[in-house]
Amino acid sequence: MADNVRVGLIQASNDVDGNEPVEFHKEKAIEKHLKLVREAAAKGAQIICLQEIFYGPYFCSEQNIKWYDAAEEIPNGPTTKLFQEVAKELGVVIVLPIYEREGIATYYNTAAVIDADGSYLGKYRKQHIPHVGVGNDGYGFWEKFYFKPGNLGYPVFDTAFAKIGVYICYDRHFPEGARLLGLNGAEIVFNPSATVAGLSEYLWKLEQPAHAVANGYYLAAINRVGYEAPWNMGEFYGQSYLVDPKGNFVVMASRDKDEVIIGEVNKRMIREVRDTWQFYRDRRPETYGDMTALLP
């Protein structure tokens with residue numbers, strides 16, 4: 001593998017009102033993101049990541065069983081299959097965050113990882129599931145209504161260009177999984193998100209650079225943009241970015257525009273940082289047992 005890898009991050013607004021049928025949402029969003037993926041590839045991206053549950057609105061603003069119909073099997077669902085074809089055609093790795101259904105009615109917030117030859121490498125299921133109100137109108141991040149917590153651990157995928165891990169949105173508030181991704185060999189961690197101003201923005205440029213520094217890897221954070229009707233619970237503030245193992249922002253998107261940004265990863269920097277800061281050598285896991293103890 002080459003030392004330099006070009007990463008493409010896609011942030012986009014949702015163009016369809018939430019009252020429209022689920023299939024209409026998926027059709028329009030997939031059509032839009034296929035164009036953005038092709039744009040990223042044309043700009044030289046080798047690994048491309050989309051935003052959390054990219055093919056519709058952030059429907060967790062409400063609690064409505066209508067949205068269960070948005071879920072698909074992974075990898076046997078139509079969206080994963082479609083993007084496998086696109087990845088093979090373009091020769092790119094795609095991190096594809098979608099709503100997963102397993103069996104009859106078990107649901108997860110998941111990202112499929114597709115290699116540059118179109119092969120399906122596996123999936124990550126969001127581990128930490130929020131249930132948090134926003135404002136006074138009954139809207140919020142009502143994710144426990146829609147998702148079970150992930151049960152596949154913190155896998156790292158050995159793609160054609162780099163070893164990558166995935167952490168989804170609310171996961172980013174938990175350093176334990178971020179460390180496990182590093183221990184499992186991640187060179188780049190992708191965090192597709194859907195997060196609004198007034199709740200988490202003050203943490204957006206703080207937590208994830210800290211994860212990158214503490215774990216000696218690149219971290220790519222992706223957020224959607226705009227307001228989503230009919231909920232309008234807040235502004236999805238964009239500002240997707242790539243941060244390096246020293247905590248420097250390599251590239252950052254705008255706050256309010258559909259955008260494809262390209263950032264370059266230098267694997268030599270990962271080695272240099274880990275040689276300088278020996279956090280993996282000096283950690284003391286034998287002293288951390290209480291972290292897994294249940295509180296009274």
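## The largest cavity

The largest cavity holds about 70 Å³ of space, and the model you are looking at is a predicted one.

Searching the whole structure turns up three cavities of 30 Å³ or more.

## The largest pocket

Now let us turn to the pockets. The largest pocket has a volume of about 290 Å³. Its lining is made of 15 residues, and those nearest the centre are E176, R179, R283, Y288 and M291.

Which elements give two or more residues to this lining? They are helix 3, covering 175–183, and helix 5, covering 207–215. Helix 3 provides the largest share, with six residues. Sorted by class, the lining of the largest pocket has nine nonpolar residues, along with three polar and three charged ones.

## The second largest pocket

One more pocket is worth a visit. The second largest pocket contains about 170 Å³ of space.

How do the lining residues of the second largest pocket divide by class? Nine of them are nonpolar, three are polar and two are charged.

Technical notes
Residues are numbered from 1 along each chain as its sequence is written. This is a predicted model: local features need pLDDT of at least 70, side-chain atom pairs count only at pLDDT 80 or more; totals for chains, interfaces and linings use all residues. Side-chain values use heavy atoms; hydrogens and water are left out. On a 1 Å grid over the protein atoms alone, a cavity is a set of points where a 1.4 Å probe fits but cannot get out, and a pocket is an open set with protein on both sides within 12 Å along at least five of seven lines; lining residues have an atom within 4 Å of a point. Grid points are joined across faces, edges and corners, and a volume is the space filled by probe spheres set on the points. Helices (H or I, at least four residues) and strands (E, at least two) are DSSP runs, numbered from the N terminus. Ala, Val, Leu, Ile, Met, Phe, Trp, Tyr, Cys and Pro count as nonpolar, Asp, Glu, Lys and Arg as charged, and the others, Gly among them, as polar.
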